[in-house]
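Please find below a short note on the two-chain model. The points go from each chain to the contact between them, and then to single residues.

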Amino acid sequence: MSYYFAIIGTQDNPLFEYEFGTSKQGGDGIARFPEQARHMNQFIVHSSLDIVEEVQWGGGQMYLKCIDRFYNNYVSCFITGGNVKFFLLHAPSQPAVANTTRASTSIAANPTSPQTEEAIKQFFAEVYENWVKTIMNPFYQVNMEVKSPVFRGRVAAAGKKYL
Amino acid sequence: MASQPAKQTLAGNASQSQRTSQPGLRYPSNGKTIYHRPLNRSRTQELSQASFAYLFGEMVSYAQKRVTGIQDLEKRLNVQGHPIGLKLLDLLLYREPPRTQTRPLNIIALLQFITTILWRHLFSRPADALEKSSNPDTPDEYMISDNDPLVNQYISVPKEMNQLNCAAFVAGIVEGVCDGAGFPARVTAHSVGKGEEGELWPGKTVFLLKFQQEVVEREAFLPKS
């Protein structure tokens, strides 16, 4: 239900971070990470950097699907032509009512289903388009932090639309 | 009770998404930022050669005033082309149709990307030749040759500086593409046209790409596709 999105540059430095929650099926778009575990998101994403570097030379596609799993957190990755990596950490929340037996098929609850992968792929494609626009800025040097509020708004809109 | 977590932005100042609270940020008068411009708009657009030649001539003389040697001049042009290469790599990959949208994984794929897609984007024609060095001491050198580089068309080089080739700018673009794709290299431009009478391509230029040692090792290590 909660997503943590990060863009990591070529020197393993974070360029952009954003937390949000699902807006589908009545979600309100606000991330609900448990307070004591919020800082762990960065560590989990950082540890999946090694896996990305291993996988990226195996195939040429830009969208690597779910590459890592840490307890309940799933990490998907998209790597751009310039070796900048987009990470999406997906933490499905615990079901609120324990006695329901009907499994949820929503995107938020099933991180590895094909619909989820498709939705995440579309999300990454939209962020990639905005990312290419960001780097085309002549004043943007490689590995610079992205501070533009317009970019942040665009990522938020993409998250609301697809996830 | 779930309280809304404060967004820990890297910038430090939380963006309020209101223009008035961003003292340093200014929007253009029609409200359109660079994010509103479509990326495919310039796909078939062409730039006038005169304006490019004017700008490039100015770049060369700007560099010439500040350096004392030919090597430094070529290095300055190279440095000016490098960030362009980085941007073009992602832009051209974005514009590819999704079926062929793959990152180059080995040197040959990268060179094919450069000689066809990049060259066609910059000069409306593919590069003329791509060769691998046959010298056993330097197996990591590749040569891209261009019979008539566009950038040199209006640059006249005096006789005492005839080692200078202003296509170092294009070499910088190629070097940016290689570095961005994960194949660090050094790219230099060499003129091989001798300027004799009756020669077909007097301005023929060869771009020498020398990949670094780790690239060659990785090439040998990865399975051949």
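1. Chain B exposes about 14000 Å², and carbon and sulfur atoms account for 53% of that area. The model is a predicted one, and the values here should be read accordingly. Of the 225 residues in chain B, 37% count as buried.

2. Chain B holds 5 helices and 4 strands. Read from the N terminus, the order of its elements is α-α-α-β-β-α-β-β-α. Taking contacts in chain B between residues at least 6 apart in sequence, 62% join residues at least 24 apart.

3. Chain A exposes about 7900 Å², with 53% supplied by carbon and sulfur atoms. Among its 163 residues, 52% count as buried. The chain has 3 helices and 5 strands, and these follow one another from the N terminus as β-β-α-β-β-β-α-α. Of the contacts in chain A with a separation of 6 or more, 56% come from residues 24 or more positions apart.

4. The contact between the chains involves 44 residues from chain A and 36 residues from chain B. The area buried between chain A and chain B is about 3300 Å², and carbon and sulfur atoms give 63% of it. Which elements of chain A each supply at least two residues of the side that touches chain B? They are β2 (14-21), α2 (114-135) and α3 (149-162) of chain A. The most comes from α2(A), with 8 residues. By type, the residues on the side of chain A that touches chain B are 20 nonpolar, 13 polar and 11 charged.

5. How many salt bridges does the rule find across the interface of chain A and chain B? The number is 0. Polar contact across the interface of chain A and chain B is found for 13 residue pairs, counting pairs with both residues at pLDDT 80 or more. A search of the whole structure, over all chains, gives 6 salt bridges.

6. In chain B, R125(B), D128(B) and D146(B) are linked in a network of salt bridges. The closest N and O atoms are 3.8 Å apart in the salt bridge of R125(B) with D128(B), and 3.0 Å apart in that of R125(B) with D146(B). R125(B) sits in the loop between α3 and β1 (129-132) of chain B, while D146(B) is in strand β2 (residues 141-146) of chain B, so the pair ties together parts that are 21 residues apart in sequence.

7. R125(B) counts as partly exposed because its relative accessibility is 25%. D128(B) is partly exposed, with a relative accessible area of 39%. D146(B), at a relative accessible area of 1%, is buried; the cut-off for buried is under 20%.

8. A further salt bridge in chain B joins E141(B) to K210(B), with 3.5 Å between the closest N and O atoms. E141(B) lies in strand β2 of chain B and K210(B) in strand β4 (residues 205-211) of chain B, so this pair ties together parts that are 69 residues apart in sequence. Is E141(B) buried or exposed? E141(B) is buried, its relative accessible area being 14%, whereas K210(B) counts as partly exposed at 33% relative accessibility.

9. T115(B) is placed in helix α3 (residues 107-123) of chain B. T115(B) is buried because its relative accessible area is 9%, which falls under the 20% cut-off. The side chain of T115(B) reaches the backbone oxygen of Q112(B) at 3.4 Å. What does T115(B) touch, not counting residues up to four places away in sequence? The residues are P126(B), A127(B), L130(B) and I144(B).

10. K75(B) belongs to helix α2 (residues 70-95) of chain B. With 53% relative accessibility, K75(B) counts as exposed, since the cut-off for exposed is over 50%. K75(B) and I173(B) are 98 residues apart in sequence, and their C-alpha atoms are 12 Å apart in space.

Technical notes: Residues are numbered from 1 along each chain as its sequence is written. Chains are lettered from A and ligands numbered from 1 in the order in which they are written. This is a predicted model: local features need pLDDT of at least 70, side-chain atom pairs count only at pLDDT 80 or more; totals for chains, interfaces and linings use all residues. Side-chain values use heavy atoms; hydrogens and water are left out. Contact means heavy atoms within 4.5 Å. Buried area is the accessible area (1.4 Å probe) that two parts lose on being put together, summed over both. A salt bridge is a side-chain nitrogen of Lys or Arg within 4 Å of a carboxyl oxygen of Asp or Glu. A polar contact is a pair of N or O atoms within 3.5 Å; within protein, one must be able to donate a hydrogen and the other to accept it, and residues adjacent in sequence count only if both atoms are side-chain atoms. Ala, Val, Leu, Ile, Met, Phe, Trp, Tyr, Cys and Pro count as nonpolar, Asp, Glu, Lys and Arg as charged, and the others, Gly among them, as polar. Buried means under 20% relative accessible area, exposed over 50%, partly exposed in between (1.4 Å probe, protein chains only). Accessible areas come from the Shrake-Rupley method with a 1.4 Å probe; for residues, only the protein chains shown count as cover.
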